[in-house]
Amino acid sequence: MGKKFKRVPADVPVSDLNPLNITCGSTKCDDGLHCFKTSERVAKKFGSRGVCKECGANLIDWKRVYQNNIKDAKFIFKSMKNELIRHVYWHTPIDRDAIQIALKFTREEMREHTKKVLKTKIGSSHNAWDGRQTPMTGKEIVNYAQHATATCCRKCLEYWHNIKKDDELTEEQLEFCTDLVMLYIEERVPNISNKNDEK
Ligand SMILES: [Zn+2]
Ligand SMILES: [Zn+2]
């Protein structure tokens, strides 16, 4: 396997990036693709939180994003796409088997399935997993969606959705995360069927 870029060099185009050669901390600031995970060190360095950990770019309207309002999903996704890892997941080709499997579900079933996956993986505080533990690729479309929507682990959930790492997810928060994932799946697999469609 090739190496993972931390700071993607200028001569590597964004189109060469994929889930296997970057991590959630990777940046390509020259192309406007950052990482907003704020550590204490970063907060001190730039004198503020929620800025790019590498270049300090202050691009996100956190107050608005933190409303966790699904009706504002367009804005939330637009904000997230300033982050390299999210950008890549919104554009990367999805494994063909993952799509085939997804197409076996109706939209309703997929939503139910998504909610179950999220509840198991990020629902409680004991699985405050590090992003790496949600597979970066593979046959589970929900995993792609999780990385794209920052519902992959409790760290991402905390800095993108202001859901504290030590708290159990409320039903409302779980619904919100499920809706985010479903919006991704519907965009990436547009022919996923409605309940009443012929199968
Ligand atoms: Zn940056
Ligand atoms: Zn994560």
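Me: How much area do domain 1 and domain 2 bury between them, and what share of it is on carbon and sulfur atoms?

Reply: This is a predicted model, so every value here is computed from it. Domain 1 and domain 2 bury about 2,000 Å² between them, with 68% of that area on carbon and sulfur atoms. The chain is divided into domain 1 (5-89) and domain 2 (95-188), and the contact takes 21 residues from domain 1 and 21 residues from domain 2. The centres of the two domains, taken over C-alpha atoms, are separated by 19 Å.

Me: How many salt bridges does the rule find across the interface of domain 1 and domain 2?

Reply: Side chains of opposite charge can pair when their charged atoms come close. Across the interface of domain 1 and domain 2, the rule finds 0 salt bridges.

Me: Which residues have the most contacts inside the largest nonpolar core?

Reply: In soluble globular proteins, nonpolar side chains tend to be buried together. Here the largest nonpolar core has 54 residues, and those with the most contacts inside it are Leu17, Met110, Ile141, Trp160, Tyr184 and Ile185. Helix 2, helix 3, helix 4, helix 5 (96-103), helix 6, helix 7, helix 8 and helix 9 each supply at least two residues of this core. Helix 9 gives the most, with 8 residues. At least three residues of this core come from each of domain 1 and domain 2. As for Tyr184, its contacts beyond neighbours within four places in sequence are Tyr89, Trp90, Ile94, Tyr144, Ala145, Ala148 and Thr149.

Me: Why is helix 8 described as largely enclosed by the rest of the structure?

Reply: The count of buried residues decides it: 6 of the 8 residues of helix 8 are buried, so the helix is largely enclosed by the rest of the structure. The buried ones are Arg154, Cys156, Leu157, Tyr159, Trp160 and His161. Their cover includes helix 2, helix 3, helix 4 (84-91), helix 6, helix 7 and helix 9 (171-188).

Me: Which protein donors does the zinc ion (ligand 2) have?

Reply: Cys152, Cys153 and Cys156 each donate through SG, lying 2.3 Å from the zinc ion. Along the chain these donors follow the spacing C-C-x2-C. Cys153 counts as buried because its relative accessibility is 2%, and Cys156 counts as buried at 0%.

Me: Where does Phe36 lie, and is Phe36 buried or exposed?

Reply: Phe36 lies in the loop between strand 2 (22-27) and helix 1 (40-46). Phe36 is buried, with a relative accessible area of 1%. Beyond residues up to four places away in sequence, Phe36 touches a set of residues including Trp62, Glu83, Tyr159 and Trp160. Phe36 and Glu54 are 18 residues apart in sequence, and their C-alpha atoms are 8.6 Å apart in space.

Me: How many salt bridges does the count come to, by the rule?

Reply: The count comes to 11. Glu83 pairs with Arg86, the closest N and O atoms being 2.8 Å apart. Glu83 is buried at 0% relative accessibility, and Arg86 is buried at 0% as well. Lys28 and Asp31 meet in another salt bridge, at 2.7 Å from N to O. Lys28 is buried, with a relative accessible area of 4%, whereas Asp31 is partly exposed, at 44%.

Me: Which parts of the chain does the pair of Glu175 and Arg111 link?

Reply: The side chains of Glu175 and Arg111 meet in a salt bridge of 2.9 Å, N to O. The pair links distant parts of the chain, with Glu175 in helix 9 and Arg111 in helix 6, 64 residues apart. Glu175 is partly exposed at 26%, and Arg111 is partly exposed at 25%. A network of salt bridges links Arg111, Lys115, Glu171, Glu175 and Asp179.

How values were computed: Residues numbered from 1 in each chain as written. Chains lettered and ligands numbered in written order. Predicted model: local features only at pLDDT ≥ 70, side-chain atom pairs only at ≥ 80, totals over all residues. Heavy atoms only, no water. Donors = N, O, S within 2.8 Å, 3.2 Å for Na, K, Ca; no water. Buried < 20%, exposed > 50% of the residue type's maximum accessible area, 1.4 Å probe, protein only. Helix = DSSP H or I, 4+ residues; strand = E, 2+ residues; numbered from the N terminus. Contact = heavy atoms within 4.5 Å. Core = buried A, V, L, I, M, F, W, Y, C linked by side-chain atoms within 4.5 Å. Domains from an automatic or database assignment. Buried area = accessible area lost by both parts, 1.4 Å probe. Salt bridge = Lys/Arg side-chain N within 4 Å of Asp/Glu carboxyl O.
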